[in-house]
Amino acid sequence: QVLTPGVAYRPAYFNQWAMLDFARIVLERLGLNMSSPEQVFYQDISSHALATAANHYTACVYDIALGNIDLCVGVCFDTPIRRNMRVPFSSTVYSETFHLVAPTGTPETVGHMLWKPFS
């Protein structure tokens with residue numbers, strides 16, 4: 001989804017809007033006028049990239065690799081597939097840590113473990 005200033009959109013996550021605001025501030029400090037069509041052109045991801053990639057985030061990176069667009073701004077993971085497209089990424093601005101917790105070496109069944117807090 002291309003988010004253009006001043007246009008109403010379907011609901012976006014808080015982090016998406018925060019990232020877009022951050023990008024706008026950085027680009028304006030670099031001298032770009034975000035409202036000027038001569039300086040900033042908003043366009044959708046190409047149909048070829050959407051047909052080739054597994055999702056919109058990877059399709060956006062793929063379009064950069066092809067030279068169709070210059071910049072993707074959004075909340076997405078830095079994955080090996082995207083890195084292998086040889087597109088430069090910025091450093092992480094926002095990150096989430098995932099932890100997998102699993103029992104090791106226990107003879108209990110899953111049902112017994114789930115029932116344990118209630119007994």
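Guide: One term before we start. A polar contact is a pair of N or O atoms within 3.5 Å; within protein, one must be able to donate a hydrogen and the other to accept it, and residues adjacent in sequence count only if both atoms are side-chain atoms. Also, this is a predicted model: local features need pLDDT of at least 70, side-chain atom pairs count only at pLDDT 80 or more, and totals for chains, interfaces and linings use all residues. Residues are numbered from 1 along each chain as its sequence is written, and side-chain values use heavy atoms, with hydrogens and water left out.

Visitor: OK. What lies 3.1 Å from the backbone nitrogen of Ala 49?
Guide: A polar atom of the side chain of Ser 46.

Visitor: And where does Ser 46 lie?
Guide: In the loop between α1 (14–29) and α2 (47–52). Helices here are DSSP runs of H or I, at least four residues, and strands are runs of E, at least two, numbered from the N terminus.

Visitor: Which residues does Ser 46 touch, leaving out those up to four places away in sequence?
Guide: Asp 63 and Asn 68. Contact means heavy atoms within 4.5 Å.

Visitor: Tell me about Asp 63. Buried or exposed?
Guide: Buried, with a relative accessible area of 0%. The cut-offs: buried is under 20% relative accessible area, exposed is over 50%, and partly exposed is in between, using a 1.4 Å probe and protein chains only. Asp 63 sits in helix α3 (residues 56–66).

Visitor: What is Asp 63 in contact with, beyond four places in sequence?
Guide: Ile 45, Ser 46, Ala 49, Asn 68 and Ile 69. Take Ala 49: 14 residues from Asp 63 in sequence, but 6.0 Å away in space, C-alpha to C-alpha.

Visitor: How far is the nearest side chain of opposite charge from Asp 63?
Guide: 13 Å, and that is Arg 82. Asp 63 has no salt bridge. Lys and Arg count as positive here, Asp and Glu as negative; His and the chain ends are not counted. A salt bridge needs a side-chain nitrogen of Lys or Arg within 4 Å of a carboxyl oxygen of Asp or Glu.

Visitor: Then which side chain makes a polar contact with the side chain of Asp 63?
Guide: The side chain of Asn 68, at 2.8 Å.

Visitor: Staying with α3, which of its residues are buried?
Guide: Thr 58, Ala 59, Cys 60, Val 61 and Asp 63. The buried residues of α3 pack against α2 and α4.

Visitor: What about the ends of that helix?
Guide: At the start of α3, a side-chain oxygen of Asn 55 comes within 3.1 Å of the backbone nitrogen of Tyr 57. After α3 comes Gly 67, with a positive phi near 85°.

Visitor: New topic. How many disulfides in the whole structure?
Guide: One. Cys 60 is joined to Cys 72, S to S 1.7 Å. The cut-off is a pair of cysteine sulfur atoms within 2.5 Å.

Visitor: Why is the disulfide of Cys 60 and Cys 72 called left-handed?
Guide: Because the torsion about its S-S bond is about -105°. Cys 60 lies in helix α3 and Cys 72 in the loop between α3 and α4 (80–83), so the pair ties together parts twelve residues apart in sequence. Cys 60 is buried at 14% relative accessible area, while Cys 72 is partly exposed at 28%.

Visitor: Back to charges. How many salt bridges are there in the whole structure?
Guide: Two. One joins the side chains of Glu 28 and Arg 24, at 3.2 Å, N to O. Both lie in helix α1, four residues apart, about one turn of the helix.

Visitor: And the other?
Guide: Arg 83 and Asp 78, at 2.6 Å, N to O. Arg 83 is partly exposed at 39%. Asp 78 is partly exposed too, at 42%.

Visitor: Last one. How many aromatic pairs?
Guide: One. Trp 115 and Phe 118 form a tilted pair, 6.0 Å centre to centre, with 45° between the planes. Rings of Phe, Tyr and Trp (its six-membered ring) pair if their centres lie within 6.5 Å; planes under 30 degrees apart count as stacked, over 60 as edge-to-face and the rest as tilted. Both Trp 115 and Phe 118 are exposed.
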